[in-house]
Amino acid sequence: MTPPDAVPAPLPVAVVGGLHAEARGAAVARLLADVPGSVVLHHDLETAAAGTVVRTVRDAGGVLSTGEAPLVNDCACCALREDLVPELRRLADAGDIPLAIVELWDSVEPKAMAEVIAAGGFTVTGVITAVDPALLLPYLANGDDLAERGLAAAATDQRTVADTFARQLEYAPVLAVADSPEADDEDRELLRQLHPTAHLVPLGATGGSRSLLAAAVLAGFDLEAAAAAQHPACALLPAEADAHGVSTLVWRRRRPFHPERLYAALEDLTCAAVRSRGRFWLADKPDTLFHWDAAGGALCVESAGPWLGSLPDAAWDLVPPVRRAAAALDWHPEHGDRCQHLVFTSPALDRDGLHRLLDSCLLTDAEYAAGPEAWQRLPHAFDTLLEV
């Protein structure tokens with residue numbers, strides 16, 4: 001018997017997300033079956049146009065309760081944030097729940113919600129993205145705005161299907177993979193190359209009395225490591241690979257880009273692969289680390305802060321250890337951690353053509369020899385793009 005003044009055990013929380021709704025539903029059903037007494041908390045953002053977000057709590061037997069959360073600042077995702085932690089606290093106070101499963105609505109990204117849950121004092125035991133491998137390429141190649149598909153989480157939501165799905169896929173350390181008869185070896189290889197460090201768990205796989213998915217989701221989740229793995233300065237990018245018609249090209253150089261030539265090549269580079277990402281160095285902006293993030297034929301370029309090589313030594317103490325470790329791996333006696341590190345993954349990738357195009361955007365020998373002062377007088381071709 002629990003003493004009346006005992007502190008209840010914290011409620012463990014698992015996050016399950018992904019745009020592939022059927023695969024996500026199958027993953028949630030698997031967890032409900034294998035963790036007796038667990039409950040699912042889901043906020044349906046599809047009703048946001050009517051001014052509310054519908055909350056449902058259910059267990060393996062069916063719906064336990066429903067409610068509505070009003071919109072916050074005309075933002076359905078904001079309403080989810082405001083309602084999620086209080087509802088988890090209510091579930092925790094009810095007691096005897098071994099696992100709360102937060103099933104995210106289609107376009108909600110797991111990173112933001114995992115951080116909200118952790119900030120609310122709960123332990124996130126696992127983050128899962130559910131994937132149907134047969135839908136992987138169609139979704140990554142889909143440059144439609146979420147709003148066009150009725151999937152926007154706010155009136156100002158400008159994300160696309162492709163970039164949203166890419167982030168959902170790459171953040172989660174566990175991918176629940178649907179048994180899709182339509183998927184072939186190319187689809188499964190694309191999944192492996194896009195997220196080579198992920199634990200891929202077939203939804204039908206079992207291990208002893210509990211599914212492998214349940215074991216994976218209860219194994220623990222490192223919030224800081226997951227965030228660091230996505231930060232462009234220290235991201236765990238895919239490695240070189242070539243199998244089943246899918247290739248990953250890792251392109252690394254120690255020379256800055258000519259801003260005008262790179263800008264002129266952006267369209268060809270963006271369309272060269274279904275997914276590309278990494279960090280890069282512009283000759284006219286030597287102190288800024290730039291993030292390259294492309295999917296579905298659309299590219300996002302933005303500043304990700306300074307290269308560590310541009311900072312005074314005293315500022316290094318303010319930088320997280322993982323960031324310092326990543327910089328040390330790239331360190332050059334003259335340029336510090338400044339480098340080009342871009343990764344392109346796609347079926348039918350033109351590796352040789354991509355190499356030639358990227359190399360042609362670098363400073364020539366003569367331009368490089370002119371030195372940093374001359375580089376900063378080059379055309380500032382990216383200024384307009386970076387102001388958007």
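**Note on the predicted model: contacts, pocket, cores and aromatic pairs**

1. Residue Q376 touches A283, D284 and P286, with residues up to four places away in sequence not counted. This residue is found in the loop between α13 and α14 (383-387). Its relative accessible area is 41%, so Q376 is partly exposed. As a distance reference, Q376 and A304 are 72 residues apart in sequence, and their C-alpha atoms are 19 Å apart in space. The structure discussed here and in the points below is a predicted model.

2. The next matter is the largest pocket. Its volume is about 1100 Å³. A total of 43 residues line this pocket, and D163, R167, D293, C300 and E302 are the closest to its centre. By residue class, the lining divides into 21 nonpolar, 9 polar and 13 charged residues.

3. Which elements supply at least two residues each to the lining of the largest pocket? They are the helices α2 (76-94), α3 (110-119), α5 (161-171) and α9 (259-270), together with the strands β13 (275-280), β14 (288-295) and β15 (298-306). Of the contributors, β15 gives the most, with 5 residues.

4. The largest nonpolar core has 56 residues, and L88, I117 and L136 are those with the most contacts inside it. Helix α2 provides the largest share of this core, 8 residues. Apart from this core lies another, of 23 residues, with F280, V301, L342 and C361 among them. For L88, the contacts beyond four places in sequence are L11, V13, L41, A100, V102, I117 and F122. One of these partners, I117, is itself named among the residues with the most contacts inside the largest core.

5. Is T129 buried or exposed? Its relative accessibility is 0%, so T129 counts as buried. The residue lies in strand β6 (residues 123-131). Residues up to four places away in sequence aside, T129 touches G17, G18, P110, Q168, L169, A172, V174, L175 and A176.

6. A search of the whole structure finds 12 aromatic pairs. In one of them, F280 and F290 are stacked, at 5.5 Å centre to centre and with 25° between the planes. This pair links distant parts of the chain, since F280 is in strand β13 and F290 in strand β14, 10 residues apart. Both partners count as buried: F280 because its relative accessibility is 0%, and F290 because its relative accessibility is 2%.

7. A second pair joins W281 and W375. The ring centres of W281 and W375 are 6.3 Å apart and the planes lie at 70°, so the pair is edge-to-face. Since W281 lies in the loop between β13 and β14 and W375 in helix α13 (residues 372-375), the pair ties together parts that are 94 residues apart in sequence. With a relative accessibility of 1%, W281 counts as buried. W375 also counts as buried, at 5% relative accessibility.

8. How do the aromatic residues group beyond pairs? One aromatic cluster is formed by W251, F257, Y263, F280, F290, W292, F344 and F382. The cluster therefore includes F280 and F290, the partners in the stacked pair. Residue F280 is also one of the members of the core of 23 residues.

9. Two further residues are partly exposed. V72 has its place in the loop between β4 (62-70) and α2. Its relative accessible area is 25%, so V72 is partly exposed. Neighbours within four places in sequence aside, V72 is in contact with C78, A79 and E82. The C-alpha atoms of V72 and A154 are separated by 9.8 Å, although these residues are 82 residues apart along the chain.

10. The other residue, A112, is found in helix α3. At 22% relative accessibility, A112 counts as partly exposed, given that buried means under 20% relative accessible area. A112 and C77 are 35 residues apart in sequence, and their C-alpha atoms are 10.0 Å apart in space. Helix α3, which holds A112, is among the elements that supply at least two residues of the lining of the largest pocket.

Key
Residues are numbered from 1 along each chain as its sequence is written. This is a predicted model: local features need pLDDT of at least 70, side-chain atom pairs count only at pLDDT 80 or more; totals for chains, interfaces and linings use all residues. Side-chain values use heavy atoms; hydrogens and water are left out. On a 1 Å grid over the protein atoms alone, a cavity is a set of points where a 1.4 Å probe fits but cannot get out, and a pocket is an open set with protein on both sides within 12 Å along at least five of seven lines; lining residues have an atom within 4 Å of a point. Grid points are joined across faces, edges and corners, and a volume is the space filled by probe spheres set on the points. Helices (H or I, at least four residues) and strands (E, at least two) are DSSP runs, numbered from the N terminus. Ala, Val, Leu, Ile, Met, Phe, Trp, Tyr, Cys and Pro count as nonpolar, Asp, Glu, Lys and Arg as charged, and the others, Gly among them, as polar. Buried means under 20% relative accessible area, exposed over 50%, partly exposed in between (1.4 Å probe, protein chains only). Contact means heavy atoms within 4.5 Å. A nonpolar core is a set of buried Ala, Val, Leu, Ile, Met, Phe, Trp, Tyr and Cys residues joined through side-chain atoms within 4.5 Å. Rings of Phe, Tyr and Trp (its six-membered ring) pair if their centres lie within 6.5 Å; planes under 30 degrees apart count as stacked, over 60 as edge-to-face and the rest as tilted.
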